[in-house]
Amino acid sequence: MTPAPPSPSPGRWERWKKTEPARLACYVDPAGTALRYAEPGPWPTYLQRSADPRAAVRTVYEGLAAQGLRYETAAIDFAGFHTAEQIIRPPGEVTARGGNCLELTLLFTGLCLAHKLRALVVLLEDHALAAVWLGGDLDDVWSSGRPAPRDHLIMSQGLINSRVGAAAVRAALDGFVADGTYLLVECTGVTAAGEPGTPSLRLTFEEAVAEGVARTGRGSIADIVDIAFHQRGGLYRPYAAPGPTTPVAAPPVAAPCRDADRRDRADGVDRADEGDRADRADRVDRADEGDRADGVDRADRADRAAPPWARPGALGAWALVGALRRAAATEPALAAHLDRTSWTREDLARLLTGLAPAPAGPEGIRLREVAHGLALAMDAHAFIAAWMPQAAHPAALRRVLLDCVADSARVRPHGLAEHLDAVVLYRPVADPDSRSALLRFVVHLAVAAGVDTADPAFHDWCRDGGYDIAEADRLRLRFRSRADDARRRLVVHLRGAPARDWPDTAEAWLLDERGHPTAESPTVPCEPTAEGVAEALCEVLDWAHDLPGVTLLHRVDIALPTRTLLLWRAEEADVGTRLGAHHQVVLHWGERLHPPQHLRRLARQAGYRLRHVEEEGDEVYGAIDWVDPGAADARADFEERLRRNEYRGALGLRFVPGGRESLFEALFAQFPILLWPDGTVSEWTAIEEDVRDRWVTLPGGFTDAYCAAWTRADDAAPPLARLRAVWDDRPWLAFCRTTGTHTAGIGTARGTRTRGR
C-alpha cells in the first residue's frame, strides 16, 4: 500500500480576504473532505466517473444532507474584526457547530470535486451557492487543455469575466441553467434544524436546485470562482485545516486510482529526456486527487514517535514509492517492498543492497538513484538537526533551496526533510549521486545562519558521508564573500523637476550592513534624458568603487520620481554593461525622501502596511492583494476601499500605468511594495504563482528574472520578468526618515550633513 502523497506546503488556515476571491480555493480540500464525510452517506465511488452528472450531484447533495449539519451565522472576531476579511470555519468545526452559506458551499464544492464533478462557487452580494457543470467531468476539462465550451461568456482565468459586464454574465448563466449546462444548488438546504424550536432550512435536492435559480435571480452576482482551476494552477493550494473538534469517521478503503500512470509520475527523477525537465515539478509537486484518496499516514505508533530524520519526508517517500512501482514492473523481486507503509534509513539500506548487482533497465537504475539520494538526505537531516537546528528557518530553507537547485522553484516543500528531498529530486543532471547538491545546500544554509563550517564536527560529517572537504571549504568562502558583499548597498537618489520625465541631479550614499550611511557622494548634475541619467550612474559607481574597502557592489538601490519609475528600466542603463548584469537593482519611490505636502498623510501608511507584510503575511510565499483594471477604473469606489484599508499589505496591479500617473503616485505613497506589469498581460496565473514561488528572493529576484529574459525568447522568459516593482523595505523606510527629515541630516564619512529640502 502506498503512503498518502504529500500536500506540499499547506498554508495555515487564516481569514479570507474578500478582495481576493480566488483564495477561496485554499479552503477546499477535496480529498480531506471526502474522507471526513465517508460514512454515513450514499456516496458514489471516490473519483469514479459518473455517466449521469446530474444524478451524481444529487447523490453528493443527499449524502451531505444525511450528515445532520446545522446552519450557523458567520463567525465574528470582534477584537480583530475587519470589513474586508471573513472567518471561514474549517470542516471539522462546521461538522461540530454548523456553517453559514459560504462554508456549506465550500464543503459541497469540495465533495463535488472529489467525485470529479466541476463545481464553481457563485458569490452574490450577500450570499453564496454552487454551480455544477453538467457537460462532463474534471478529466474532460484537463485532458482537452481548454476551458469548458462557452465558459468565456461567464468566466476568465477562473473568475467572473468582468470585461463583458455583470448583465452579460447574468444572461449567459441564465441560459446555461436553462439548457442544462450548469446546475445551481442552494447549499444551505443540506442543513437540519438548529436549536429546538428553530425552523429547518432542509430542502430536497430538487427544491435546492429551484432555490438556487431563485436566489441567483434575486441577487447581484459579485464573482464566480472556479476552485479546481485555481488549485490546479498551484497558486492556491488547500490550507492545512486545524485539528477536528469532533472525532472523524474512519477513512474508507482506498479505491484504485483510475490512472495508474499518473500516480507513477511521482518519482520525478526521470532525466532521460532533457525536454521533460520543465515538467518535473508537476511529477513531484502536484498530488493527483486519486492518490490523496489513500487517506492518512498509516504508520504505526512507534514509527510516528521516531525522530523526523529517521525517515524521508513526505515528498521523498512519495517519489520513492513511484520509482519502486515502476521498477517492480520489470524486476518482480522488488514487489515485496511495495507493501511497506513507511521507510527508515535501514529499510533504504536493505533496498540498496538488493539493488547492488547493477539492476537491469532504466527503472531499476532510477530507483537506486532515488533511494541513495534519500539516504544521504536523511543523514544530512540528522546532522543539521544536531549541529545547527537554528538554521532550519522556513524562509532560509526556501531561499537556499532556490539558490542551490535551479529546477526547484515550482515545488513547495514543507519542513527540513522535504527541502532535503527536493534537493535530491531536483538536483542537476550532472550530479548523479546528489552529494554535490546536498553539500552546497548544507554549506549555504550554515553561512546564512552564521555557522562556521570550519568546525571539526562539519569535517567529520563530510568524511563520513563521502563529501569533498576541499569543495566544502571553497563553497564556504564563496558564500561568505557573497554575504559580505550583500551587506553593503549603494543608494542613488535621482531628482528632477516635478513636470519632467527625467531627473537632472543624482545623490548617492554607501550604507553599511545596518543601513547606516558611511559615505555621501557630491551632487552629480545630469542631462534630463535617459542617456544623461545613465552617465550620472556611471559617475556614482566610479565614486563608490574608489572608496576604501569597497571591492564589489552587489546591490544598487535607485530612488526615482514617479514619472521616471513608470517609463524607465533602470536595470538596463548602459554603464559599460547593463546595470543589472553585475548589480542587483532595487527601485524605490524617490518622493518618499521628501514627500510632497499633498501626499504626506498617505506616505505615513507605508510603514503600517509593511508591518502587516512582515508580521501577518506568509514569510515564505508572501501575500499580495491583486487589483483588476475594473476596480481601479471605478476610481471613487477604489479610493474608498483604500480608505477602509481593504488592501492591507503589498499590492499587485493587473493593469499598466497608461493615463493613471496620479493614481500610481498615490499608490506609491501608500504601499511600500507595489507591483505592476510592463505591458498587457493576457494570463496572470503563471505570473502570480511565480511571485509566490520566488517571494523569498525578492526584490533581488526581479533583477535575476530580467537578466534571464535578455537572452530568451519572449515566450520563454520567466513570468516574473513581466512585472515592474517598487520595494520600499524596512531599511529604506528608516533611511528615508533620517535622510529626508527637515530638521536633521546624517553624518557622513567627511563629517558633513545632508541637505533637507
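Let us begin with a charged pair: Arg592 and Asp728 join their side chains in a salt bridge with an N to O distance of 2.7 Å. Here a salt bridge means a side-chain nitrogen of Lys or Arg within 4 Å of a carboxyl oxygen of Asp or Glu. Arg592 sits in the loop between β14 (584–589) and α24 (600–603), and Asp728 in the loop between β18 (723–727) and α31 (730–739), so the pair ties together parts that are 136 residues apart in sequence. Helices (H or I, at least four residues) and strands (E, at least two) are DSSP runs, numbered from the N terminus. Arg592 is buried at a relative accessible area of 7%, and Asp728 is buried at 0%. The classes are buried for under 20% relative accessible area, exposed for over 50%, and partly exposed in between (1.4 Å probe, protein chains only).

Before we go on, a word about the model. It is a predicted model, in which local features need pLDDT of at least 70 and side-chain atom pairs count only at pLDDT 80 or more, while totals for chains, interfaces and linings use all residues. Residues are numbered from 1 along each chain as its sequence is written, and side-chain values use heavy atoms, with hydrogens and water left out.

Side chains of opposite charge can pair when their charged atoms come close. Searching the whole structure gives 56 salt bridges. Another of these pairs is Glu85 with Arg648, whose side chains meet at 2.6 Å, N to O. This pair links distant parts of the chain, since Glu85 belongs to strand β2 (residues 85–86) and Arg648 to the loop between α27 and β16, 563 residues apart. Glu85 is buried, with a relative accessible area of 13%, and Arg648 also counts as buried, at 18%.

For a pair with other surroundings, turn to Glu211 and Arg218, whose salt bridge has an N to O distance of 3.4 Å. Glu211 is partly exposed, at 25% relative accessible area, while Arg218 is exposed, at 58%. Salt bridges can also form a network, as they do among Arg569, Glu571, Glu572, Arg578, Asp678 and Arg724.

Some charges take part in a patch instead. Glu535, Glu539, Asp542 and Asp546 form a negative surface patch. Patches are built from residues with over 30% relative accessible area and no salt bridge, with like charges joined within 9 Å and nonpolar side chains (Val, Leu, Ile, Met, Phe, Trp, Tyr) within 5 Å. Lys and Arg count as positive and Asp and Glu as negative, leaving out His and the chain ends; the place of a charge is NZ of Lys, CZ of Arg, CG of Asp or CD of Glu.

Next, follow the chain back to a hairpin. Strands β10 (residues 505–511) and β11 (residues 517–520) run antiparallel and are joined by three bridges; two strands pair if DSSP finds at least two bridges between them. Leu510 has Ala519 in β11 as its bridge partner. Five residues separate the two strands of this hairpin, and Gly515 in the turn has a positive phi of about 85 degrees.

Two residues other than glycine also have positive phi values. For Gln157 phi is near 55 degrees, and this residue lies in the loop between β5 (155–156) and β6 (159–160). Gln157 is partly exposed, with 32% relative accessible area. For Asn645 phi is near 60 degrees, and its place is the loop between α27 (635–643) and β16 (650–653). Asn645 is partly exposed as well, at 27%.

The backbone has another feature at Pro699: the peptide bond from Leu698 to Pro699 is cis, with omega near 10 degrees. Pro699 is in the loop between α29 (685–693) and α30 (700–710).

Finally, consider two pairs of C-alpha atoms. Pro731, in helix α31, is 218 residues from Glu513 in sequence and 9.8 Å from Glu513 in space, C-alpha to C-alpha. Pro731 is partly exposed, at 33% relative accessible area. Gly617, in the loop between α25 (605–616) and β15 (624–627), counts as buried at 16%.

Methods. Accessible areas come from the Shrake-Rupley method with a 1.4 Å probe; for residues, only the protein chains shown count as cover.
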